[in-house]
Amino acid sequence: MRVRNLGILAHVDAGKTTLTERILYVTGATYKRGEVHTGTTVTDFDPQERDRGITIFAAAVSCDWAGHRLNLIDTPGHVDFSDEVERSLRVLDGAVAVFDAVAGVEPQSESVWRQADRYGVPRLAFVNKLDRPGADLDTAVASIRDRLGVTPLVVQVPIGREAGFTGVVDLVGMRALTWTDGVLTERPATDPATRAARQRLEEAVAELHPDVLEELGAVSQDTLRRALRELTLSGAGVVVLCGAAYRDRGVEPLLDAVVDYLPAPAGDATGSLAALVFKVHTAATGRLTYLRIYEGTLSKGDVVWDAGAGRAERVARILRVQADRHTEVDRAVAGDIVAVVGVKAARTGTTLSSRAAPVLLEAPVTAEPVVSVAVEAKRSADTQRLAVALAGLIEEDPSLALRTDPETGQTVLSGLGELHLEVAVEKLRLVNGLAVTVGRPQVAYRETVGRGVSGLLYRHVKQDGGAGQFAHVVLDLAPLAGDGFEFRSTVTGGRVPREYVRAVEAGCRDALASGPLGGHRVVGVRVTLTDGATHPKDSSEQAFRTAGRLGLREALRAATMTLLEPVAEVTVSAPEETLGAVLGDLAARRGQVTGTTGQAVTAVVPLAELFGYVTQLRSRTRGRGTCTTRPAGFQPAT
């Protein structure tokens, strides 16, 4: 059977999970429609997801349509769980980006779109909720064009507006599709308005594709459909469809578009095995390791090789996944997304292959935590259980991090946001039955160089009776735009051999872990090794690594350093009469307003000032204010 692997991406509340539920229902994978507001959805099966009414964990499901198996991953829309989206996108071949027909491109919509850009994932756009008051397809499409910088190719136009929205006109097939009580009715559409819309579509595609340009004026359906597929795969254009998933309108033509325009997975089932672990989950039935198979075939009982760790693993069972339900199969082939049981040590990002032909696939990028809380067991007898539970959390979610505070001895859990940590701590209580106390959230600061130093000489000389250590380095330290690190050497005449230069760089990287202002990680640094000296007997790579580490620490203390704090872009929607209070509150939180549109305010606010903000916003706006946030990097702390 032919396959499509796709994700459903969007901002929170754009209707991703509802669309996924309707897809499962329309394709016959489920016998009734699940609803987010009643906690009956297939993909939001975790108790916290049902209680909070949001998607937290990416969930995989499968269904069949038009002779194809569709493997779908419903991804979270909240910014705190963007790492779940990142891991999913790494293993997907295509995606459907869902947009609210009233709000258009929202902050997290843009963020997940950029994530998909990084992995080159072809996308379709689905403008949802056309039945809502204020819904407008043209406005939503304009925001896709302006905010995302892409060329939208609108292949459908709505029939009716807002509450009167009953269906869509398919401009490729020239069909009017309407839904009554979930039943689809189809008829030809040849009226002047439809012909004019079809002409506009042909002209838009002709600007990007030569085949359509050649036939302009009499473009066949096959030519147009083929051109739209090629433009989707190349990213030169984005096919835009529309509907109202909650009302069961627009789902079937979207499925047709998935089959027609999104790519089939590449890979050869007869080749050597290459599979990437993208998710680990500990269930009541045991440890599930989720894989995307890129090459070869995996069979029940196979022994696979983890080349990164140099370890063999045995696959006891292979499962096709339907959210929290599983069906056992004997084998999986290239293009499949499955879960396996029996793999004990593989982590997210691990490549599993055959020992005879080991490979390493690119792992998904993991975001750095920006918020931390101290966590400890209420009962001392539970301390060891808590340590094991925390280790399990981090195994399942690599965007969480754990450390011990050197001053207080407390266990500190770090994540991508306040909600991210709330969910993690609640999981300790619900799943592990642990009573824990949690400290006040703290943000993760960074340090950077404001003004550098030149010609700093550091001598590392050590004699302790055995082999000596000798290394002289001269370093220049300068600011670097962004949050990276750059090292270069201008040493000439072989005064510092190449292998020692590499050791100096490694030592400098070691020094960046702790800056002089408060022990925070140092970013935005350029280090130049300008000179040095060696000893014929006592110089070594270890000596030069030590010199690099201690020399850069000294240079950082001599430089002018700047403390950086994480900031977020906040978009607040509130009644016009409360905007004054909203603006005043943002100013009190050191927010910098970057734009106002109607009843919406956008500002950049230090993350430390946003703890508990949603609750206070509701109070100031009599329960009518809402806000969305997305990371906006770091800025100098004020």
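Strand S1 (residues 2-10) runs parallel to strand S3 (residues 68-74), the two being paired over 7 bridges, where pairing requires that DSSP finds at least two bridges between the strands. Within this pair, arginine 2 stands opposite histidine 68 in S3. The model is predicted, with local features needing pLDDT of at least 70 and side-chain atom pairs counting only at pLDDT 80 or more, while totals for chains, interfaces and linings use all residues. Residues are numbered from 1 along each chain as its sequence is written, and side-chain values use heavy atoms, leaving out hydrogens and water.

Helices (H or I, at least four residues) and strands (E, at least two) are DSSP runs, numbered from the N terminus.

Helix H6 (residues 192-206) packs against helix H8 (residues 221-234) at an angle of about 50 degrees, with the axes 11 Å apart; axes are lines fitted to C-alpha atoms, for helices over the stretch in contact, and angles run from 0 to 180 degrees between N-to-C directions. That makes H6 oblique to H8, a class left over once angles under 35 degrees count as roughly parallel, over 145 as roughly antiparallel and 65 to 115 as roughly perpendicular. In their contact (heavy atoms within 4.5 Å), Arg198, Leu201 and Val205 in H6 meet Gln221, Leu224, Ala227, Leu228 and Leu231 in H8.
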